[in-house]
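Me: I have a structure to go through. Can you take my questions one by one?

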Amino acid sequence: MAPRRRVLILSADVGEGHAAAGRALAAQIEEAPEQAEVTVIDGLAAMGLLLRGVVEDGYRVQLRFMPWTYTAVYWLLKHVPPFRLLTQGLLVLFGSRPLARRIAAHDPDVIVSTYPAVTVVLARLRRTGVVSCPTVATITDLTGLFFWARPGIDMHMVMYGESMSSVERIAGRGSVRKVRPLISAEFLQPRCPLRARRELGLPEHGRTVVVSGGGWGMGDLEGAVREFIGVDEVSSIVCLAGRNQHLAAKLRRSFAHEPRVRVYGFTDRMPELLAAADVLVHSTGGVTCLEAMAAGTPVVSYGLPVGHARVNTRAMAALDLVRLAKDTKQLREYVQASFSTGPEHRPGAADRAAEQDSPAAEVVLHAPWRVKAIPRWRLRAVALATQLVLLLGVGTWVMSTDEVTAVATMILRVKPLAQVKTSAPDVGVIVRVPRGSMGLVASELASRGIHVSFADDGSVLPRATIAALRSMGDEVLPEVPGSAALHWVRTRGVLGSQARALGLRHHFFYVEPRGGLTVGQLVLARTAGATPVSGAMRLSARGSLPQRPTRAGDVVVVELDGSNASVLGLERIVSWLGGDGLGAEPLAWLTRSPSISASSSGERASTVAPARSSAIEATKGSPFSGVALNGSPSSSVASTTGTTV
């Protein structure tokens, strides 16, 4: 005698349709000629408490309190592949090991999934070789097959022939079979409508309408019931609130004085109700519509909910499987039209069964070994490549952002220069001005007796420009260009070229860009021996003056646009500093090469700066005290070609 085949069915308590499909399939397998041992478990629960809570409870909360969020999530899953891949990846990440352990404990010969989220994880286990037996997935919807169908499933069972081509596009040729609907056999049994009404205590005369919101009682049930109260030929209205006890209580209160209305919660008498009904008004589609069609009961869809249920119902209406009512007026019209195909005109159950395809039990018990497990070396290669891509992506982001630069400065022990310890009543002024206006601005400033450090605009200045600035008593500092995607990789080369043009060697200062340094710029500049200058404050020459006082040794970065107004603005800033008894000088006045050293705080120390140049010397164009145009070794201060540390 051949051993009994062990069938494991993975269902889910997310809406009644998935659980009902699992129960119906189990009953069909147990009644099949071949002996089989069937076990039905909650697949979501088997994937762990975390996923069960997020998917099952989250879905319930979304539909009840924030239905629009489920519509948004479904749209993202359908139209945004990266979001869909991320969702599938998270399901596999958190659900694979728990589900694999539960499957191994049952040691099945074939596994069936009735819920898409479980199917995703099961397909992954099958493709990676963790599950070595055939796998089957049920598909009860017409649409949303991007989650229902998976390449790792050996066979898909669909209820609608229109779904077959879509499934094969996703999972491959020969991966789908159309089967008889996964509903209880009671819906296929011939029933007398009048007898069903007697058993339910409903009026035998007149029309009976069943209004259903599915397992969770979704949709405008109250609106539909009120519409049929005004239809004289309707003698009874049965409203099904499913497991939504709050809605059931509300409906009972609302229609307590209406004898034609009966409100049920979750009921196991659907076969009798559908046999007694002249029409089913349903909101969610799915398995309930399959049950109604099997019973020969016309279906009108009204009060469409959110997400896949709405899309699926519209697809069914496009195939004339249901009538889709957009409002209560159209609802009444379609229901009254359905009365012409009442119980006396319904086809016999035997005739309907003869029109169906293969029994689902036969497909499950003879499921093919279609899926080939991915070789382990390929899985390891993909895992390694994924890790490298993630590492590269995260590393590129870290190096390209300024969000974590503060952390990098602490790790590298680099603190951007903002203030210099000095006993001289001076402030270091760095001017940022467009490259084309640099010479004219320097000339205007020199005529007013103002000497500053110019940032070189992130480029290598011509020798003539550098010489002209030196001759007017100014100095030039390298500057890192503004950060852009992957441009930080050129930081060392850019600074090196600027330093050579300015005659700088080894350790030197450079000006931070407007938006701040990225981690990559900070690291590569550090390897070149360069220290950033951020400044104690950054001012616009045409903006308002700061409220806080300036101290001796502060480094001030001033933005000029090259216009006369901005030059006058800089003169206003110098006058403001003079009001505090401070002189505006190039950074070279505050830093002297022989005495500069890095401290734990990142500040730079210097000896007392030499006497400042007078306005008369600057006006004549002669170099101010402490500036050696030749960069003579005997000079006691930093070279005017740049401040050297």
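Me: Where is Asp-457 found?
Reply: Asp-457 lies in the loop between β15 (453-455) and α21 (463-471). Helices (H or I, at least four residues) and strands (E, at least two) are DSSP runs, numbered from the N terminus. This is a predicted model, where local features need pLDDT of at least 70, side-chain atom pairs count only at pLDDT 80 or more, and totals for chains, interfaces and linings use all residues. Residues are numbered from 1 along each chain as its sequence is written, and side-chain values use heavy atoms, with hydrogens and water left out.

Me: What about phi of Asp-457?
Reply: Phi is positive there, about 65°, although Asp-457 is not a glycine.

Me: How accessible is Asp-457?
Reply: Asp-457 has 37% relative accessibility, so it counts as partly exposed. Buried means under 20% relative accessible area, exposed over 50%, partly exposed in between (1.4 Å probe, protein chains only).

Me: Now Arg-413. Is it buried or exposed?
Reply: Exposed. Its relative accessible area is 76%. Arg-413 sits in the loop between α19 (405-412) and β13 (420-421). Phi of Arg-413 is positive too, near 55°, and this residue is not a glycine either.

Me: New topic. Where is Trp-576?
Reply: Trp-576 is in helix α24 (residues 564-579). At 19% relative accessibility, Trp-576 counts as buried.

Me: Which residues does Trp-576 touch?
Reply: Leaving out residues up to four places away in sequence, Trp-576 touches Met-537, Leu-545, Pro-546, Arg-548 and Thr-550. Contact means heavy atoms within 4.5 Å.

Me: How many residues apart are Trp-576 and Leu-545 along the chain?
Reply: They are 31 residues apart along the chain, and their C-alpha atoms are separated by 8.3 Å.
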